[in-house]
Amino acid sequence: MKETQRRAIPIMVQGTMSNVGKSLLTAGLCRVFVQDGYEVAPFKSQNMALNSFITEEGLEMGRAQVMQAEACNKKPSVYMNPILLKPTTDMGSQVIVNGEVKGNMQAREYFKHKKQLIPDIMQAYEKLAQENDIIVIEGAGSPAEINLKNEDIVNMGMAKLVDAPVVLIGDIDRGGVFAQLAGTMQLLEEDEKERVKGLIINKFRGDKTILDPGITMLEEITSKDVVGVVPYATLDIEDEDSLTERFDKKAAIGAVDIAIIKLPRISNFTDFNPLEAIEGVSVRYVNKISELKKPDLIILPGSKSTISDLKWLRESGLEATILKLHKEGCLVMGICGGFQMLGRKVVDEEGSEGLGSLAGIDLLPMDTRFETEKTRTRAKGKIADLEGVFKPLSGITIDGYEIHMGISKPFKETQTFAKVHNVNEQQEDWKLDGCVSETVMGTYIHGIFENQLFTKTLLHILLERKGLTKEDLVVVDYEQYKMDQYDKLAQVIRESIDMQKIYSIMGIERDR
């Protein structure tokens, strides 16, 4: 008998606006389905974010789908996010299709072009559909953006392409949730209204029975069932983009205090999630001199526009304050764009991020020159034999990924940070990464804090400088920590959403 080809059943999560919890609820549904024994994959046809990731194949995708893939116990694949837009200006983005950079486009140009990408989207989706039982699709923004509907490829346009039923989410924490949901439904076309099979109210605090009269009226107005009221839950799971609430947390100063400069175009801030998971470590995102205080470590993170953010750092007065704290003994670290800023000079003659050159902060003896070709690799290697305060890091194995346009060249006899190779290549072609100068270090390696020994050793250095002991901190196994968070999220979903109705919406029969 000929084996029947697998064909995944889709369900789509759309929201009344951005940041209502689509990414998180998509991950939660993924985790529940996996726990129930299904092969599951996340999918988002188009993602706009500065947080990106490099797959094992050396391809670039959005981190939200990486997080969702982890919830599915799957390796991240660009098929899960075929189109990634990385904003370069207020009006333009770098366009990445199936992991490869296609160039920069202004918003109007991309708007006219994007329907030509439907074959790329469908190729990616079909690949996942052949390998899974269920695909959980995430929308973007709102399906009621009526000025964009004709060219939509990420909300109802995507749902129609794969005939996916839709659940619509509103965020009660932001206020007006009944108007959000009822108004969105009113602005949909009749066939789109029919595609919506259930409503979900997210981030509710308090006694659910107080909502009951409103839920009854909402169901009457929309002719749709409210299939869940999800509580506001305290979970530590990666955020998608700059709308994250992490930047607004007011953490009490811990045994180790780390200040991360919140650059205007900060990228890959998920690098620092492992630090936030450690009890006794305060991670503060700062963009004002008054917020900086006296941290143990200042980190300059990645940036999608190094020169523009370096200008902002200078004009805001933060550069001068960082230099002052450095002279007083504060350790400084730069990652990717932040590493580039720490050098003597940044030069961009090709216009990769903006023509011109700019003097750097001058805490590391190196120059950076931007080129048109993007470095995009998985990297693995070892920390170099370091001297001075960072000596305990010497020889530690690290892995992570690189995403950058510039090439940084340290001056002669400069201390290298690490020796790494591209894991995507068969031959181990080693290269030198980053540099170190006394109490300052820089690297291009994203994800470096997910290397448990590196993180633990760096924190121990900071503790020792304050006269504290290693016992003052316990560094967690971050991989296991993330799995535990996904399980907690799944439990919240099971307790607050009628999963029997979700399965029924998908046409899957399951015993109660």
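Strand β22 provides the largest share of the lining of the largest cavity, namely four residues. The model is predicted: local features need pLDDT of at least 70 and side-chain atom pairs count only at pLDDT 80 or more, while totals for chains, interfaces and linings use all residues. Residues are numbered from 1 along each chain as its sequence is written, and side-chain values use heavy atoms, with hydrogens and water left out.

**Cavities and pocket**

On a 1 Å grid over the protein atoms alone, a cavity is a set of points where a 1.4 Å probe fits but cannot get out; a pocket is an open set with protein on both sides within 12 Å along at least five of seven lines, and lining residues have an atom within 4 Å of a point. Grid points are joined across faces, edges and corners, and a volume is the space filled by probe spheres set on the points. Strands (E, at least two residues) and helices (H or I, at least four) are DSSP runs numbered from the N terminus.

Three cavities of 30 Å³ or more are found in a search of the whole structure. The largest has a volume of about 160 Å³. It is lined by 20 residues, of which Ser303, Lys304, Cys336, Ile403 and His404 are the closest to its centre. Two or more lining residues come from each of α13 (337-341), β21 (366-383) and β22 (397-410).

The second largest pocket holds about 530 Å³ of space. Among its 25 lining residues, Phe53, Glu70, Arg378, Glu450 and Glu479 are the closest to the centre. Here the elements giving two or more residues are β4 (52-54), α2 (63-71), β22 and α15 (478-496).

The table gives the residue classes, in which Ala, Val, Leu, Ile, Met, Phe, Trp, Tyr, Cys and Pro count as nonpolar, Asp, Glu, Lys and Arg as charged, and the others, Gly among them, as polar.

| Site | Nonpolar | Polar | Charged |
|---|---|---|---|
| Lining of the largest cavity | five residues | eleven residues | four residues |

**Helix packing**

Axes are lines fitted to C-alpha atoms, for helices over the stretch in contact, and angles run from 0 to 180 degrees between N-to-C directions. Helices α6 (residues 177-186) and α8 (residues 212-222) pack at about 5°, with axes 10 Å apart. They are therefore roughly parallel to each other (angles under 35 degrees count as roughly parallel, over 145 as roughly antiparallel, 65 to 115 as roughly perpendicular and the rest as oblique). In this contact (heavy atoms within 4.5 Å), Phe178, Leu181, Ala182 and Met185 of α6 meet Gly214, Ile215, Leu218, Ile221 and Thr222 of α8. By class, the contact of α6 with α8 has seven nonpolar, two polar and no charged residues.

The axes of α11 (residues 306-315) and α12 (residues 318-327) come within 5 Å and cross at roughly 75°; these helices are therefore roughly perpendicular to each other. Trp312, Leu313 and Arg314 of α11 make the contact with Leu318, Glu319 and Ile322 of α12.

**Aromatic pairs**

Rings of Phe, Tyr and Trp (its six-membered ring) pair if their centres lie within 6.5 Å; planes under 30 degrees apart count as stacked, over 60 as edge-to-face and the rest as tilted. This rule gives nine aromatic pairs. Phe43 and Tyr125 form an edge-to-face pair, 5.4 Å centre to centre with 85° between the planes. Phe43 lies in strand β2 (residues 40-43) and Tyr125 in helix α4 (residues 118-129), so the pair ties together parts that are 82 residues apart in sequence.
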